[in-house]
Each structure stands twice: as structure tokens, then as C-alpha cells.
Amino acid sequence: MNQHEISPCSVLLIDDEPFAEDIIAHGLKGCVAHTLRYANRPDMAVALAMEVGATVVLVDLRMPEVDGFEVTRRLRANKDTENLPVIMLSSEEDPDIKAKAFAAGANDYLVKWPDARELAARVRYHSDACIARRQRDAAFVSLRLSQEQLEASQSALQQAQKMEAIGQLTGGVAHDFNNVLQIVGGNLQLLKLVGNLNEAGLARVDMALAGVERGAKLSSHLLAFARRQPLQEVVVNPGHLLREMDDMMRRVLGPRARVVTEIDHSLGSTMVDPHQLHNVLLNLAINARDAMAGEGTLTIRALNVEPGASLPAELPEGRHVLIEVADTGKGMPPDVLARAFEPFFTTKPTGQGTGLGLSMAYGFVKQSGGEIVLKSTPGQGTSVRIYLPRSDADAAQADAVVDGPLLGGLETILVVEDEEDVRSTTCAILSALGYRVLEAADAAAACQVVERGEQIDLVFTDVIMPGPVSSLQLAERVRARLPHAEILYTSGYAEGVLTHEGRLEGTVNLLQKPYHPDALSARIRHLLRRRHAQRAALGNAD
């Protein structure tokens, strides 16, 4: 099968004499795979050529009102037909007329009535040229689209690599920073607890502790952005969290702003760290307040997204829960929008923002297996959409641990920490609370303490330690020798040890550095009370 048999040829004939259709149709019998459309309305030439998808136009030179020259000029003036081949048909052999036809834009000139073989050959030649041009143009369009897509992919890859590099840097810095904060904060708390300070001294200590707390929040935001924040995930219904936060949102925005909450009554659950989700939503509300200058409307929506719905490109197909926080603020221009998720990038005046709110949200959502989409229009506001995977499990009732006044006990606690200053401070605080405290500089030394038969009620161990024995191996030894002992981990950066893809197992108890003595005492008392209750239950069962 040759090219003539597979290339479609669409011929438009424009002539004021109807018999011309029969003559041309007869002449094109040798032109296979063609269609012929006849019209006696030269003023309709452009519209008809587009309608039939013509690949060549045969037009009579002499017609009343609109002649072949004008038809050709009109075809050339339209962007959709400017390259369409035109063959002028004329009964005149005059060279001047031929020259005028070519000047008007004709591609060929045939004297009526041409031999059938010549007509078919010329029509096929010009039609094939037209088809080849269209294929070439389509190929260029496809190539340009492919180049644009490649550039977009390269840009996205570069952005992802940049964010990953920043994440690795911030994760490492946060780990060391948390240890430093723990030393400073722990000693300040110990000084406050046992130092018999006067009122002025207490005020100074409290100011320093406020600085430690700010540093701890900064470190937490860095870890969240880097997707290295250990997530203590449970199945929750976001609708419950949003309803509980409603009053807080209104207080954050102030009396002049309006808060609209739209929560689907059948909203599904999701596996997420509720504390981190709370922080993300609160930060988004604060950003909205600043963008609206205390006025405007904040709309919070929560709904189910079913399979087949329009989803962000990076989000896998499936069922999701969508949480949207939208404001009517000043919005962001494209250059600001492109950098909005970068840590420390902010358009706020110096001292009025760290630039970590959106970066923390970005890292948390990504680490939770979801996607975050930011849309903004200057003068119209900003929308932040968070997509989280939906869970079929029932929402869990969290085991509440309430931070309260410092509580102590008489139990024995083994503190395992390689940072000597951190270990010394922690042991001093626990001793001041009445506990019998044992200490070890690494997991290997802690194993020796366990093996010598000490009756230990709780092991408080750092996650990342030097030496041949890891904190996980230490936990296995403790469970084997002291099955009733509780294990509480602590770390400023526990990625890859206690976590799987950034998520903590439900049985793991982790207190992140830097920790406040109140939080430490409350968590220890909670675990020891649970231990006593479990042992009592076993005794009653016996």
C-alpha cells in the first residue's frame, strides 16, 4: 500500500458553474482516498475549508462579486487556512494573469479543463504537502509541550532536591540544638527547683526558660519541615479536632474577623499525629490573620475525597480526607507563592515571623503520606488544601497524659544518656523528686546494670548513643530480665531508629528533647501508674 492510498485527500471546489463539480469529480477518479466538496459560494470559502478539513482548494478565477483572487487572499488572511494549498482554475493562458494569481497567494494554476492525470497528480502533490506540513507542525507542538513538561519536571526535581538538602541540614542541626537546649533548660529548672532563689533571680530564670521554650519550638518546626519529626500517629476524625479548635481559632483571629466552619457530617478518619495536626492548623490560622490584618473571613472546610476525584499530581489514587483553610487576605504574587514552603522565607517585617509556619505544614503533611496544595491570588486571598489518606479504622481514644505539677515517687529509674551534662541534670531532677536513680553513659553500661540484678521500675534512655549496643537492643535486654519495667525513650532526633518512615509504633513511648521537668515527671508517673495497674490486674486474675 503506497502513500497515496493511506493519505486522506480532502478537496474543496469553489466554482459558480455547477457542471464544474462533475468535470472535477471525473478528473479525480485516479486520485484514490479522496473526498470532494463542491460549493458555489466563494464568500464561504474560509468557513467551508475549515469545516471539511480541506487539504487543497480548487477555485475558479472568474466569478461574480468575489473572484478567485479575492478567495485566495481571504484564505491567506486567516491563520487557520493561511498555508492551505490553492490551485487556481482559469480558461486564460495569459502569463500576466498567472503572475497575478501567484501574487495573490495561489500555489498552482491550471487551465480549464486539465487532463485527468495532470489534475490528479497536482491535487495529490499539493494535498500531500499540506498533510506533511500539518504533521510537522503537530510534531513541533508535541515537542514544545514535551520540552515544557521536561522543564517543569526538572524544576520540580531541583526543588525537591533543594528541600531535601535543606531538610538534611536542619535535621542534623536540630539534633545538636535540642541537646544544648536540654542542658540549658534542665539546669535552669533544677536551679529553680532547689536553688532557693529570690524573686529577682526567679524572674531571670523564667526569662531564660522562655527563651529555651522558643528555641524548642524553632527546633520542632525545623524537624517537621525536614520530615524528621517522630510522629505519634493514631486514627482520629479531623472533624472532632476542628470543632474543638473552633473557639481557639476565633480568639486567634480576633473580634473583627469571621470564621466559617464547614465539616462534612460523614467525614472519614485518618491516621495522623493529632498534636502536630493541631499545630499546623493553628499556624495556618495565624498566617490567615496576618494576611487579613485582623479582618475578613477565614473558611475551614473538611470533606471526603472519593476515588476518581481531581487530586494533586503527586497524590496516589484512593480515598482521602481534605482539610482546607482559606482566607480573604491580600494573597501572594507568583514569585512569593513559589517560595512559600521554604524555611525562614517570610514577607513579614523583621521580628514578626520566623518563616517556618508553612514549611512545618509542608513537612508534616508529606511525612504523613499526604499532599499540601497552596493557591493564592493577589488581592483575593489564599487557600491551603491538605489531603490525608482516609482510614477505615474507628477513631481511637488517646491515652491522656496531662502535664501538671512536678510529681515524684520512690521507684528506681535507670537513666541512660551519653551526653554527660544532660545525664547529670536529668538525674539531679529525678533525685530531687524522690526517685532512686541509677545512671549509665551508654547502652552497654546500662545492660551491665540490668544484668547485675538491680530491680528497676523504669528505664529512661536516649535513642542515639555510641557503642556496640543500641537503645533497641538495650530495650530487648530489659524486657527479657525485667518484663514489668517500663521503657521511656528520649531524643532530639530519632529518625530511622524508633520510627518507620517517620512514624512511631503505638507501643513506643517517646519524650522529645528538650523536655520540661513537668512533662518528664508527668510521663514517668503515667507509665508507672499504668505498670502498677497492670500488675494489680494480673494479681487479681490469679
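Visitor: How many helices and strands does the secondary structure of the chain hold?

Guide: The model is a predicted one. The chain has 542 residues, of which 47% are buried. Among contacts with a separation of 6 or more, 72% are between residues 24 or more positions apart. The secondary structure comes to 15 helices and 19 strands.

Visitor: How many disulfides are there by the rule applied?

Guide: A disulfide is a covalent bond between the sulfur atoms of two cysteines. The rule asks for a pair of cysteine sulfur atoms within 2.5 Å. Cysteine 9 is buried at 3% relative accessibility, and cysteine 427 is buried at 7%. By this rule the count of disulfides is 0.

Visitor: The structure holds 3 aromatic pairs. Of what kind is the pair of phenylalanine 19 and tryptophan 113: stacked, tilted or edge-to-face?

Guide: The ring centres of phenylalanine 19 and tryptophan 113 are 6.4 Å apart, and their planes stand at 75 degrees. Planes over 60 degrees apart meet the criterion for one class. The pair of phenylalanine 19 and tryptophan 113 is therefore edge-to-face.

Visitor: How many residues apart in sequence are the parts that this pair ties together?

Guide: Phenylalanine 19 belongs to helix H2 (residues 19–27), whereas tryptophan 113 is in the loop between strand S5 (108–111) and helix H6 (116–194). Phenylalanine 19 is partly exposed at 43% relative accessible area, and tryptophan 113 is partly exposed at 32%. The parts tied together by the pair are apart in sequence by 94 residues.

Visitor: Are phenylalanine 460 and tyrosine 515 buried or exposed?

Guide: The rings of phenylalanine 460 and tyrosine 515 form an edge-to-face pair, with centres 5.5 Å apart and planes at 70 degrees. Phenylalanine 460 is in strand S15 (residues 458–462) and tyrosine 515 in the loop between strand S19 (510–512) and helix H15 (517–541), 55 residues apart. The relative accessible area is 2% for phenylalanine 460 and 8% for tyrosine 515. Buried means under 20%, so both residues are buried.

Visitor: Which bond joins lysine 112 and tryptophan 113?

Guide: Tryptophan 113 is placed in the loop between S5 and H6. Omega between lysine 112 and tryptophan 113 is about -20 degrees. The two residues are joined by a cis peptide bond.

Visitor: What is omega for the peptide bond from lysine 513 to proline 514?

Guide: Proline 514 lies in the loop between S19 and H15. The peptide bond from lysine 513 to proline 514 is cis, with omega near -10 degrees.

Visitor: At what angle do the axes of helix H9 and helix H11 cross?

Guide: Helix H9 covers residues 274–292 and helix H11 residues 357–367, and their axes come within 9 Å. Residues of H9 including Leu277, Val280 and Leu284 take part in the meeting with H11, where Leu358, Ala361 and Phe364 are among the partners. The crossing is left-handed. The axes cross at roughly 145 degrees.

Visitor: Is glutamate 65 buried or exposed?

Guide: Glutamate 65 lies in the loop between strand S3 (56–60) and helix H4 (68–77). Its phi is positive, about 65 degrees, although glutamate 65 is not a glycine. At 86% relative accessibility, glutamate 65 counts as exposed.

Notes
Residues are numbered from 1 along each chain as its sequence is written. This is a predicted model: local features need pLDDT of at least 70, side-chain atom pairs count only at pLDDT 80 or more; totals for chains, interfaces and linings use all residues. Side-chain values use heavy atoms; hydrogens and water are left out. Buried means under 20% relative accessible area, exposed over 50%, partly exposed in between (1.4 Å probe, protein chains only). Rings of Phe, Tyr and Trp (its six-membered ring) pair if their centres lie within 6.5 Å; planes under 30 degrees apart count as stacked, over 60 as edge-to-face and the rest as tilted. Helices (H or I, at least four residues) and strands (E, at least two) are DSSP runs, numbered from the N terminus. Axes are lines fitted to C-alpha atoms, for helices over the stretch in contact, and angles run from 0 to 180 degrees between N-to-C directions. A crossing is left-handed if the near helix is turned anticlockwise from the far one by less than a right angle, and right-handed if clockwise. Contact means heavy atoms within 4.5 Å.
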